[in-house]
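Subject: Handover of a structure and its description

Dear colleague,

Please find the structure below, followed by an account of what was found in it. I would ask you to keep it open while reading.

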Amino acid sequence: MTFSVLDPVSSHFFRNAGQQGPIMLMYHSVERDVGAVKWPWSISIKLFKDHLDLLCDHGWKARTMAEIVQTPIECLAPKTIVITFDDGFENNLQAVDALIERGMLATWFIVTGAIGQVPHWKDSGRPEDRILDASSLRNMRDAGMEIGSHSVNHRKLPSLTDPELTLELAQSKNTLEDILGSPVKSFAYPYGIWDERSETAVSRSGYRFACTTQTGAALKDNHPLRLRRLAIFNHDSAAALARKLTLIANDGGLAKMIFYYSRRAAHRLWPGTAV
């Protein structure tokens, strides 16, 4: 086993990461370009593989979102990770291959109104890649991947009328269940935006689990419809991912880690110091 190269500071603190419960990561596009990519939500396939190798090398176990919610917390091993993908771009198929090669699972949230098509919602800089088609979704499910919903049209749920909200949730669920021939229980709020009304609608539509974009350990709120995730950006190296997992935060900068642990050390020496 070849361990991923980390700087000494990140390596030291990463050893103890993953002790506060499962952590979920949020990916989007995985581009074939091996170099830097422009869209903040994209990473190259090389970088994605670096992330997976880091996790494997350091003993993290990848499970689906449904698994961590349905498993008693005391039965979840330390260093449990959930890898999620929003939207469902066709370029994610190379990520599926990389996961299968390493014996890892992941969860996908699909915008069903664009299945097999180029996405129709606006997002500046997004790659012009199609959304996965029905056949690909079935193949992914057969390989052990979890398929969940990301609504029909990727609209901000709190801004919708009650009928629009019901359509976005129920129709998406029905479409996926027709494709897969099995229940769809998981949902991701588009843009991570939700409120009490949309959360209630998600539950009434038959979803049992839903994730936001709030940072922190996945089960921090002890609520199956408010699962937390860490966002992955185009500049996040393997070392940055290690620091994100250690700090359980979106900021994976080395300076952030040094500042955080310096404050903790100061608090131990002088208990009146704020952490």
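Helices (H or I, at least four residues) and strands (E, at least two) are DSSP runs, numbered from the N terminus.

Two remarks on the source are needed before we continue. This is a predicted model, in which local features need pLDDT of at least 70 and side-chain atom pairs count only at pLDDT 80 or more, while totals for chains, interfaces and linings use all residues. Residues are numbered from 1 along each chain as its sequence is written, and side-chain values use heavy atoms, with hydrogens and water left out.

The chain as a whole

The protein chain has nine helices and 10 strands. Its radius of gyration (taken over C-alpha atoms) is 19 Å, close to the 19 Å that the globule rule gives for 275 residues, so the chain is as compact as a globular protein of that length. The globule rule is 2.2 Å times the number of residues to the power 0.38. Along the principal axes, the C-alpha atoms fill a box of roughly 60 × 40 × 40 Å. Of the 275 residues, 50% are buried; buried means under 20% relative accessible area, exposed means over 50%, and partly exposed lies in between (1.4 Å probe, protein chains only). Contact means heavy atoms within 4.5 Å. Among contacts with a separation of 6 or more, 63% are between residues 24 or more positions apart.

Helix 8 and its partner

In helix 8 (residues 238-247), 10 of the 10 residues are buried. They include Arg-243 and Lys-244 as well as Ala-239 and Leu-247. Helix 2 (residues 45-57) packs against helix 8 at an angle of about 50 degrees, with the axes 9 Å apart. Helix 2 is therefore oblique to helix 8. Axes are lines fitted to C-alpha atoms, for helices over the stretch in contact, and angles run from 0 to 180 degrees between N-to-C directions. Angles under 35 degrees count as roughly parallel, over 145 as roughly antiparallel, 65 to 115 as roughly perpendicular and the rest as oblique.

The crossing of helix 2 and helix 8 is right-handed. A crossing is right-handed if the near helix is turned clockwise from the far one by less than a right angle, and left-handed if anticlockwise. Helix 2 contributes Leu-47, Asp-50, His-51, Leu-54 and Leu-55 to the contact, and helix 8 contributes Ala-238, Leu-241, Ala-242 and Leu-245. By class, this contact has seven nonpolar, one polar and one charged residues. Ala, Val, Leu, Ile, Met, Phe, Trp, Tyr, Cys and Pro count as nonpolar, Asp, Glu, Lys and Arg as charged, and the others, Gly among them, as polar.

Helix 6 and helix 7

The axes of helix 6 (residues 162-180) and helix 7 (residues 196-204) come within 10 Å and cross at roughly 45 degrees. This makes helix 6 oblique to helix 7. Their crossing is right-handed. Asp-162, Leu-165 and Leu-169 in helix 6 meet Arg-197, Ser-198, Ala-201 and Val-202 in helix 7. The contact has four nonpolar, one polar and two charged residues.

Leu-165 is buried, with a relative accessible area of 2%. Leaving aside neighbours within four places in sequence, Leu-165 is in contact with Leu-157, Leu-160, Arg-197, Ser-198 and Ala-201.

Helices 4 and 5

In helix 4 (residues 93-101), the buried residues are Gln-94, Ala-95, Val-96, Ala-98 and Leu-99. Their cover includes helix 2, strand 5 (80-87) and helix 5 (134-142). Within helix 5 lies Leu-137, which is buried with a relative accessible area of 0%. Not counting residues up to four places away in sequence, Leu-137 touches Ile-110, Ile-115, Leu-132, Ile-147, Leu-176, Ile-179 and Leu-180.

Positive phi angles

Most residues other than glycine have a negative phi. Ile-248 has a positive one although it is not a glycine. This residue lies in the loop between helix 8 and helix 9 (254-269) and is buried, with a relative accessible area of 14%. Asn-222 also is not a glycine and has a positive phi of about 55 degrees. Asn-222 is found in the loop between strand 9 (209-211) and strand 10 (230-231), and is exposed, with a relative accessible area of 73%.

Yours sincerely,
A colleague
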